[in-house]
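Take a first look at the model below.

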Amino acid sequence: MKNLEQKIRTALAAALQNTFSIAVEPATISLQPTRKEFAGTFTFVTFPYTKQAGKGPEQIGQALGEYLKENAPEISGFNVVKGFLNLEIGENVWLELFREMLGNTEGKLPDTGKKIVVEYSSPNTNKPLHLGHLRNNFLGYSVSEILEAAGNHVTKVNLVNDRGIHICKSMLAYQLFGNEETPEQAGIKGDHLAGRYYVMFDKAYKQEIDELVKNGMEVETAKKEAPLMKEAQEMLKKWEQGDAEVLALWKQMNAWVYQGFDETYQNIGVDFHKYYYESETYLLGKERVEEGLAKGVFYKKPDGSVWVDLKEEGLDEKLVLRADGTSVYITQDLGTAELKYQEFSYDTSVYVIADEQNYHMQVLKAILKNLGKPYADGIYHLSYGMVDLPSGKMKSREGTVVDADELVEEMNETARRKTEELGKIEGFSEMEAKELYHKLAMGALKYFLLKVDPKKRMLFNPEESIEFQGNTGPFIQYTHARIAAILRKAAEMDIAYDEAAFAKVPALHETEAEVIVQLGGYEKMVQEAANLFAPSIVAQYAYELAKAYNRFYTEVSIFQETNLETRSFRIALSGQVARTIKKAMGLLGIQVPDRM
RNA sequence: GGUCCCAUAGCUCAGCUGGAUAGAGCAACUGCCUUCUAAGCAGUAGGUCUUUGGUUCGAAUCCAAAUGGGAUCACCA
């Protein structure tokens, strides 16, 4: 496909040269897909050349078309509509293209030799994952797959936020109200247990504030003076000093949470090559602070706090170390960036982080640049918008979130219901059925979250379950299952459909050519998705391929076809579509079933 | 207030580096299962692409401003 476009560009350049003496670099010629209401596959726009040619756009189109039909073997015909030259491609070219695809099954682009670290998920250990985290996890996983498919070497890392005041809050609530209950006793996952106490803390804390305010204290003061908050801060101090009792509780609760996370990760099908823990990295930044001071990039204020001035970059002054010598969030990030670079010497470091941290990431990059770090330019913030509920923003503290585990469970249930309603479950064992439901559930959910441009906020209405029809994951999965049925039947009937089996195909159906065009766009799509870090491009592609195939599927019959070569060709075409759908969906982290 | 992001059909979203009458899905309405899975296919209806200027042969797309929505500007993470 790439080659085909290349050839046509070259031919067009030659045509321009020979008919109008206009010299153009083939690479700069822009071709676009022909609108479907006109005949043709590629369209060349002639408007830009009217001045140089001294002719009207239609005349130019006509002249170029005639030249190409004469001289370019790929072009079988053309038509001119105003300034648009629509080029038709010969059937033999499509078949040739299709044969090339069959030979190239890997679907991976040439090795770039580039190393990329993708940091994603990065949960707090005080609460279970919710819908917003799912967007993050699916994005991170998918982008990693896409970058890998584009020929890069990807390392997936998870930077776990396992320390800080918020963790202490759930620890404290547990200490006060927990009665030493374990997840087993409570009958819930460890991350949910921690989350329960986090919410409990907030409730009790708010009560205290109300009390204080009732007794005449200002709200702001009350927030600081509430005994629970003071206790939590006290606990954090003890943690930093290595207090044995606090550390033991911290370890215990985190262990529970990790077990819960592991289950969720496994359930939603994401994984990591490496975990970093903030409790281990939060001190790392101090060396960078020393370095910054030595280089004169940072400066010390009289109180001993350390700052960086980023006004030249259009940013502000930023504190990088407190007066008491303790580090802040950005200090840790400076350290971790260095650590990641030392370990992986990456060319690109992707951070999958919500857009509320856009400024923070800008600052991080600017500081590293000022420090002269060679890896600063390689930092890419894959920023994504919040997932909103109809009621507004999700708030963990107030417990108004869509819990990830519950949502997945509900999706499984929806998948079961829809499948049973359609009566498509005969012949499945209990196990197979469950597996199918999960594939469909995750397909629907992942596709729903990934098909949208990450930058955009999105709305999720828990009342309306995610669709299984139309532009959805299950629609694409269904297309794959249909093809799988065809391939099974072909095997049963012992039909050969290797290249030799369709050496001569008399005529291509319009829908067949369309499917081949779609298939031919795969590599270009992967490249583009990788360049833009955009799973939505992959989703769009998979959908369009499935649609093109379904059109073909209903327009022509395979096993009723009397020409055996055509029949074999159609089976081979179907097989290639199935493989391509599987690859594309794989890039989204979605599995495709053989039956549904 | 400064900075950044978003605005396309009733709803959810596509629309690549500017190109033809702006596309899908859902919802509504019409057809199509004695034929390979109807979770499908074909069709009808639905739009001043928030507004106003500018650049251009040509703007949903690029630039500027306005309006509306969101994020952020912590010695929180």
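**Domains, surfaces and cores**

Chain A falls into three parts: domain 1 (2–89), domain 2 (115–281 + 349–388) and domain 3 (441–587). Keep in mind that this is a predicted model. The C-alpha centres of domain 2 and domain 3 are 39 Å apart. Domain 2 brings 23 residues to the contact between them, and domain 3 brings 20 residues.

Is the helix enclosed or open? Of the 19 residues of H5, 18 are buried, so the helix is largely enclosed by the rest of the structure. After H5 comes Gly 151, which has a positive phi near 95°.

In soluble globular proteins, nonpolar side chains tend to be buried together. The largest nonpolar core here has 120 residues, and Ile 146, Val 538, Ala 542 and Ile 581 touch the most other members. Helix H21 gives the largest share of this core, 12 residues. Which residues does Ile 146 touch, leaving aside those up to four places away in sequence? They are Val 526, Ala 529, Ala 530, Pro 535, Val 538 and Leu 587. Another core lies apart from the largest one. This other core has 24 residues, including Met 171, Ala 194, Tyr 197 and Trp 239.

Next comes the RNA. There are 71 residues around RNA strand B, and those that come nearest are Tyr 329, Asp 453, Gly 470, Tyr 478 and Ala 481. The largest share, 8 residues, belongs to H18. By class, the surface near RNA strand B has 29 nonpolar, 22 polar and 20 charged residues.

Glu 180 sits in the loop between helix H6 (165–177) and helix H7 (183–186). Glu 180 counts as exposed because it has 8 C-beta neighbours inside 10 Å, and the cut-off for exposed is 12 or fewer. Along the chain, Glu 180 and Pro 462 are 282 residues apart, and their C-alpha atoms are separated by 34 Å. Glu 467 belongs to the loop between S14 and H18. With 16 C-beta neighbours inside 10 Å, Glu 467 counts as partly exposed. Between the C-alpha atoms of Glu 467 and Leu 588 there are 18 Å, and the two residues are 121 residues apart along the chain.

Finally, step back to the whole chain. Chain A has 22 helices and 14 strands. Its C-alpha atoms fill a box of roughly 90 × 65 × 45 Å along the principal axes. Of its 596 residues, 40% are buried. Among contacts in chain A with a separation of 6 or more, 75% join residues 24 or more positions apart.

Technical notes: Residues numbered from 1 in each chain as written. Chains lettered and ligands numbered in written order. Predicted model: local features only at pLDDT ≥ 70, side-chain atom pairs only at ≥ 80, totals over all residues. Domains from an automatic or database assignment. Contact = placed C-beta atoms within 7 Å. Near = placed C-beta within 6 Å. Helix = DSSP H or I, 4+ residues; strand = E, 2+ residues; numbered from the N terminus. Nonpolar A, V, L, I, M, F, W, Y, C, P; charged D, E, K, R; others polar. Core = buried A, V, L, I, M, F, W, Y, C linked by C-beta atoms within 7 Å. Buried ≥ 20, exposed ≤ 12 C-beta atoms within 10 Å, placed from the backbone.
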